Amino acid sequence: MPKNKGKGGKNRKRGKNEADDEKRELVFKEDGQEYAQVLRMLGNGRCEAMCIDGTKRLCHIRGKMHKKVWIAAGDIILVGLRDYQDDKADVILKYMPDEARLLKAYGELPENTRLNEGITGGLDEEEEGAGDDYIEFEDEDIDKI
């Protein structure tokens, strides 16, 4: 039998559940930083994000966050702007949904920013039109087919 030469299995790589970042303090942007909303993930540690200043930027997820903090489309992130490349930025921090709501309440994010809180987030506003997704056929229409 081969001898195990590693330092542990997949549970060691997975690590402990970091529950202490539940109560972290809210980080506001400084100069050289901007808030952005992720448009789509591109793979290879990159994403495309629309910054609050109206610029669409290619963002690189920094190594400290890579494979530890999962970023999805619609998330609010804090990006560090580059002096030498205006169309690229680096992801510094991902805001939790409650932190994004606080940023919007403090006026840091514009009012027209849609915050994604999962699947149920967008359904509450269009509740009355949600049942109109089906087509009703009359008996005569079925006979013609």
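The largest nonpolar core has 13 residues. Ala36, Cys47, Cys59, Ile71, Ile77, Val79 and Val91 are the ones with the most contacts inside it. Bear in mind throughout that this is a predicted model. The elements that give two or more residues to this core are β1, β2, β3, β4 and β5. β2 gives the most, with three residues. In general, nonpolar side chains of soluble globular proteins tend to be buried together.

There is also a second, separate core, this one of ten residues. Its members include Ile76, Leu93, Ala100 and Leu103.

What is alanine 36 in contact with, leaving aside its neighbours within four places in sequence? The list is Ala49, Met50, Cys51, Ile52, Asp75, Ile76, Ile77 and Val79. Within the sheet pairing, alanine 36 stands opposite cysteine 51 in β2.

Now the overall layout. The protein has three helices and five strands. Reading from the N terminus, the order is α-β-β-β-β-β-α-α. There are 145 residues, and 24% of them count as buried. As for contacts between residues at least 6 apart in sequence, 51% join residues at least 24 apart.

β1, residues 33-43, pairs with β2, residues 46-51, in the antiparallel sense over six bridges. These two strands form a hairpin with two residues between them. β2 and β3 also run antiparallel, joined by five bridges. In that pairing, methionine 50 stands opposite lysine 56 in β3. β2 and β3 form a hairpin as well, with four residues between them, and glycine 54 in the turn has a positive phi of about 95°.

That brings me to backbone angles. Most residues other than glycine have a negative phi. Two residues to look at here are asparagine 44 and lysine 67. Asparagine 44, in the loop between β1 and β2, has a positive phi near 60°. Asparagine 44 is exposed, with a relative accessible area of 69%. Lysine 67 lies in the loop between β3 and β4, and its phi is also positive, near 65°. Lysine 67 counts as exposed too, at 65% relative accessibility.

Next, the cysteines. How many disulfides does the count come to? The count is zero. For reference, a disulfide is a covalent bond between the sulfur atoms of two cysteines. The cut-off used is 2.5 Å. Cysteine 47 is buried, at 0% relative accessibility. Cysteine 59 is buried at 1%.

Last, the aromatic rings. The count comes to two aromatic pairs. One is phenylalanine 28 with tyrosine 106, a tilted pair at 6.0 Å centre to centre, with 55° between the planes. This pair links distant parts of the chain, 78 residues apart: phenylalanine 28 is in the loop between α1 and β1, and tyrosine 106 is in helix α2. Phenylalanine 28 is partly exposed, at 37% relative accessibility. Tyrosine 106 is exposed, at 53%. It passes as exposed because the threshold is over 50%.

The other pair is tyrosine 35 with tyrosine 95, tilted, at 6.0 Å centre to centre and with 50° between the planes. It also links distant parts of the chain, with tyrosine 35 in strand β1 and tyrosine 95 in the loop between β5 and α2, 60 residues apart.

Key: Residues are numbered from 1 along each chain as its sequence is written. This is a predicted model: local features need pLDDT of at least 70, side-chain atom pairs count only at pLDDT 80 or more; totals for chains, interfaces and linings use all residues. Side-chain values use heavy atoms; hydrogens and water are left out. Rings of Phe, Tyr and Trp (its six-membered ring) pair if their centres lie within 6.5 Å; planes under 30 degrees apart count as stacked, over 60 as edge-to-face and the rest as tilted. Buried means under 20% relative accessible area, exposed over 50%, partly exposed in between (1.4 Å probe, protein chains only). A nonpolar core is a set of buried Ala, Val, Leu, Ile, Met, Phe, Trp, Tyr and Cys residues joined through side-chain atoms within 4.5 Å. Contact means heavy atoms within 4.5 Å. Two strands pair if DSSP finds at least two bridges between them.
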